[in-house]
Each structure stands twice: as structure tokens, then as C-alpha cells.
Amino acid sequence: MNIDEIHTPVLLERCVELLAPALNQPGAVLVDATLGMAGHSEAFLTRFPGLTLVGLDRDLEALSIAEERLKPFRDRIHLVHTVYDGIQDALDSLGIEEVQGVFFDLGVSSLQLDRVERGFSYSKDAPLDMRMDNTSDLTAEHILATYSESELRRIFHEYGEEKLAARYAKAIVEARSTAPLVRSAELVAILTKVTPVVVQRTGHPAKRVFQALRIEVNQELSVLERAIPAALDAVAVHGRIVVEAYQSLEDRIVKKALARASTSSAPAGLPIELPEHKPLFTQLIRGAELASEEEKARNPRATSVRLRAAERLRRAG
């Protein structure tokens, strides 16, 4: 496998630029909370010779690939099999109290999409799996077999922002009463059958449902809601956090967490802001930064990216 052919890191140079002031510090530690195939991490380790990397991933196959890719840096890396809300436990296990950088590249990875048998893609027939960590129990097949119609409607609506959530949930429950759904092509056929032709012209009818199922299988949003505050807590003064999100639900969580951390806690109407009320972080990007047209042309995965970053100004108390 040629890793570079299937994995082009999104906004790599911009991420390096944003993290550089923190990673240039002596003894700097960076947590790559979504290590994947280590495209970003390889660049960070190359550019910053004094950097120690803590790489987290829930996908054992990705960790194996990353370990091989990062062999030249083996004395400066610690790879941990965990979901990224386990960041504090991972650091505690390594005896690391604080870090100079944290990096998140959210969403499904190129590796997971390209492994047809993992079931992430609606364009290729595969088992309805969708687990990022194949040691976990919950699969898309189990959800489709056991969730009630109202539960299916809820996740399609909340996690897929799907307008036809009710129609799709009803069709799935009717179909499974005849035969269980075990293949992605079976699910796609059911969804396509009940989708008006005019709606099909605006995009693939399965896209949002597959997104919703993937998020539910991997508990991505609840994990992220815990992970961002945990990551912020771990960042040292003058340390930085950089996050790449690819869909609005993720980005909303990141946006709110960074906004809270970079807002004064002073009561309204206080004439002078006391030091203990000053923001803990400052945001380095106004709003979310998008990829340039050149970057999108070079790397289609960058099309939907939203980049946010912040720097710690002080510790609380």
C-alpha cells in the first residue's frame, strides 16, 4: 500500500503554521488525537526535531500503519489505542501533566473509507459494519435490526440532518420485518425506492443516513463533546489546539467549546475586568477557516473542512 497515494493530509501547511509557535518550545509534546495514517503527525515530527508525539486512535489497523510510518521517529512517539475522549487517561498513563499542542482531524478516515469491507461507503456493497474500532460491539447492522422506528427517525434527523428521516425509518422497519438488513446495498435500495426522483437529483439518498449511522455506531458527537474540553484542559500556557471538522454538527461542538474558553467570565456591568475573569484562551482564527480552491482541487477531502484554532493565555485560578 502506498500511503501517500490514498492519504493526503488536509490543510497540512496551515496546521503546521498554526501549531509551530507552540511546538518549537523546548520539550514540546503534541497530542494527535485522531492519528489515522499519521500524515499530519509525520510532518510535525519532521518539522520539529525536539517534538514528542502522543498519537491516539480507536482503529487498530490505523495504529499499525501509523507505527510503521513513524518508525524513523520511534524514540519520540507514544501510540495509544483509545477513543479521543480518553486523552487525559492516555496522558496520565504516560506521566505527562500538560502538552504544548493538541490536533484533531475529525470524521471518517481515508483508510476506513477505502476498506470496502468496513461498510462506511454507500457507493460500494459491504457488510453494514461502520465501526471505527472493530473491537467494539455496536454495528450499523445491529442498529438497523433493533432500534425502534422513532429511534431511527431521531438519529437520521439529528445526526444526518435528513429531511426524509421519518419516511426512511418507516421503510427500514417495514423491510426488516421480512428479512434482516445485512448489506449496504440492501439499505441503499430501500432508501432509493422511497426517495422522490426530484430529491434524488440533489444528491445520493443514502448519504445522510450513512453519516447518521456512522455517528451513532461510533458515538462521535458525544465523544467529541467530552474530548474538546479534556483537550483544552491538557494544553499548557502558550500551547495551542487546532481542529479540522468536516460537517456542521462536529464544527458546532468545537465552535461552542472554543467560544466558552475564550470568553471573559466577568459578570455583566463590571467596570473593570479582574485578572481571574480574563479568558483562558484566545482564538487564532476568526470564525472557521475554509480550504482554498487550489487545496480543494488538489485534495477533494478538503472541500468541506472547517479549521479552528486557539491558544491558552493563562491557567484558571
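**Salt bridges and exposure**

User: Is Arg-69 buried or exposed?
Analyst: The relative accessible area of Arg-69 is 12%. Buried means under 20%, exposed over 50%, partly exposed in between (1.4 Å probe, protein chains only). So Arg-69 is buried.

User: What kind of model is this?
Analyst: Residues are numbered from 1 along each chain, and side-chain values use heavy atoms, without hydrogens or water. Local features need pLDDT of at least 70 and side-chain atom pairs 80 or more, while totals for chains, interfaces and linings use all residues, because this is a predicted model.

User: Which residue forms a salt bridge with Arg-69?
Analyst: A salt bridge puts a side-chain nitrogen of Lys or Arg within 4 Å of a carboxyl oxygen of Asp or Glu. Here the closest N and O atoms are 3.0 Å apart. Arg-69 sits in helix α4 (residues 60-69), its partner in helix α3 (residues 39-47), 27 residues apart. The partner is Glu-42.

User: How many residues apart in sequence are the parts tied together by Arg-183 and Asp-125?
Analyst: Their side chains meet in a salt bridge at 3.2 Å, N to O. Arg-183 lies in the loop between α9 and α10, and Asp-125 in the loop between α6 and α7. So the pair ties together parts separated in sequence by 58 residues.

User: Which helix holds both Glu-293 and Lys-296?
Analyst: These two form a salt bridge, with closest N and O atoms 3.4 Å apart. Glu-293 is exposed at 56%, whereas Lys-296 is partly exposed at 22%. They are 3 residues apart, about one helical turn, in helix α15.

User: How many salt bridges are there?
Analyst: Arg-14, Glu-17 and Glu-289 are linked in a network of them. The count comes to 19.

Note on methods: Helices (H or I, at least four residues) and strands (E, at least two) are DSSP runs, numbered from the N terminus.
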